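Thanks for coming. I will take the model one part at a time, so please keep the sequence and the picture in view.

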Amino acid sequence: MASCIFCKIVQGQIPSEIVYEDDNVIAFRDVNPQAKVHILIVPKKHINPMTEINEKQAKVMSDIFLAAKEIAGRQKIGGRGFRMIMNVGSDAGQEVEHLHVHLLGGEKLGKLVG
Ligand code: 5GP
Ligand code: ZN
């Protein structure tokens with residue numbers, strides 16, 4: 001999608017600090033980190049989570065979870081734990097309409113729910 005920031009990052013048109021990449025997924029540091037480790041995991045294909053997620057694309061979520069496990073290991077936070085957050089739509093404050101999961105860790109995180 002031409003106007004999408006994350007598509008531009010996927011295509012290398014906007015620089016980012018990439019920490020993980022495979023055939024389907026890319027992960028890079030958030031430009032405005034909310035924890036010592038704050039990484040965004042995004043599918044390479046543009047998917048809007050409000051309107052475009054369907055059974056055919058459901059595999060993208062397992063791709064993201066497997067990438068998160070690998071990234072946590074590389075960042076050396078897998079043992080201490082981390083949080084994954086997905087903002088979907090305006091009530092959740094989603095800014096970028098390209099499906100993404102935030103991976104936060106590297107320090108004790110305040111509890112949100114549970
Ligand atoms: P959302 O609120 O949509 O879940 O989160 C979007 C995230 O993308 C925000 O945390 C924001 O800091 C991050 N972000 C926005 N633009 C850029 C960018 O150009 N580069 C990087 N690395 N992160 C970005
Ligand atoms: Zn996109």
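Let me start inside one helix. Lys-59 and Asp-63 are 4 residues apart in helix H2, so about one helical turn separates them. Their side chains meet in a salt bridge, with 2.9 Å from N to O. In general, side chains of opposite charge can pair when their charged atoms come close. One thing to say before I go on: this is a predicted model, and every value I give is computed from it.

Is Asp-63 buried or exposed? Asp-63 counts as buried, because its relative accessibility is 13% and the cut-off for buried is under 20%.

Helix H2 runs from residue 59 to 74, and it holds another pair of this kind. Glu-70 and Arg-74 both lie in H2, again 4 residues apart, or about one turn of the helix. Their side chains form a salt bridge at 2.9 Å, N to O. Glu-70 counts as partly exposed at 37% relative accessibility, and Arg-74 is partly exposed too, at 45%.

How many salt bridges does the structure hold? The number is 4. Arg-29 forms a salt bridge with Glu-17, and their closest N and O atoms are 3.1 Å apart. Arg-29 lies in strand E2, while Glu-17 is in the loop between H1 and strand E1, so this pair ties together parts that are 12 residues apart in sequence. Arg-29 has a relative accessible area of 29%, which makes it partly exposed. Glu-17, at 47%, is partly exposed as well.

Now the metal. Which residues coordinate the zinc ion, ligand 2? They are Cys-4 and Cys-7, each through SG, and His-46 and His-98, each through ND1, at 2.0 to 2.3 Å. If you look for these donors along the chain, their spacing reads C-x2-C-x38-H-x51-H. Two of them show how the site links distant parts of the chain: Cys-7 sits in helix H1, residues 5–10, and His-98 sits in the loop between strands E4 and E5, 91 residues apart. Both Cys-7 and His-98 are buried.

Phe-6 lies in H1 and Phe-28 in strand E2, residues 25–29, so the pair ties together parts that are 22 residues apart in sequence. Phe-6 and Phe-28 are both buried.

Staying in strand E2, we find Ala-27 there. Ala-27 counts as buried, since its relative accessibility is 0%.

Next, the surface. Which residues form a nonpolar patch there? The patch is made of Met-50, Met-86 and Val-88, and together they have about 250 Å² of accessible area. Val-88 is in the loop between E4 and E5, the loop that also holds His-98. With a relative accessible area of 35%, Val-88 is partly exposed.

Two lysines remain. Lys-76 is in the loop between helix H2 and E4. Its phi is near 60°, a positive value in a residue other than glycine. At 72% relative accessibility, Lys-76 counts as exposed. Lys-111 is in the segment after E5, and it counts as exposed at 66% relative accessibility. Lys-111 and Ala-72 are 39 residues apart in sequence, and their C-alpha atoms are 19 Å apart in space.

Terms used
Residues numbered from 1 in each chain as written. Chains lettered and ligands numbered in written order. Predicted model: local features only at pLDDT ≥ 70, side-chain atom pairs only at ≥ 80, totals over all residues. Heavy atoms only, no water. Donors = N, O, S within 2.8 Å, 3.2 Å for Na, K, Ca; no water. Buried < 20%, exposed > 50% of the residue type's maximum accessible area, 1.4 Å probe, protein only. Patch = residues over 30% accessible without salt bridge, like charges linked within 9 Å, V, L, I, M, F, W, Y side chains within 5 Å. Areas by Shrake-Rupley, 256 points an atom, 1.4 Å probe, with all protein chains shown as cover.
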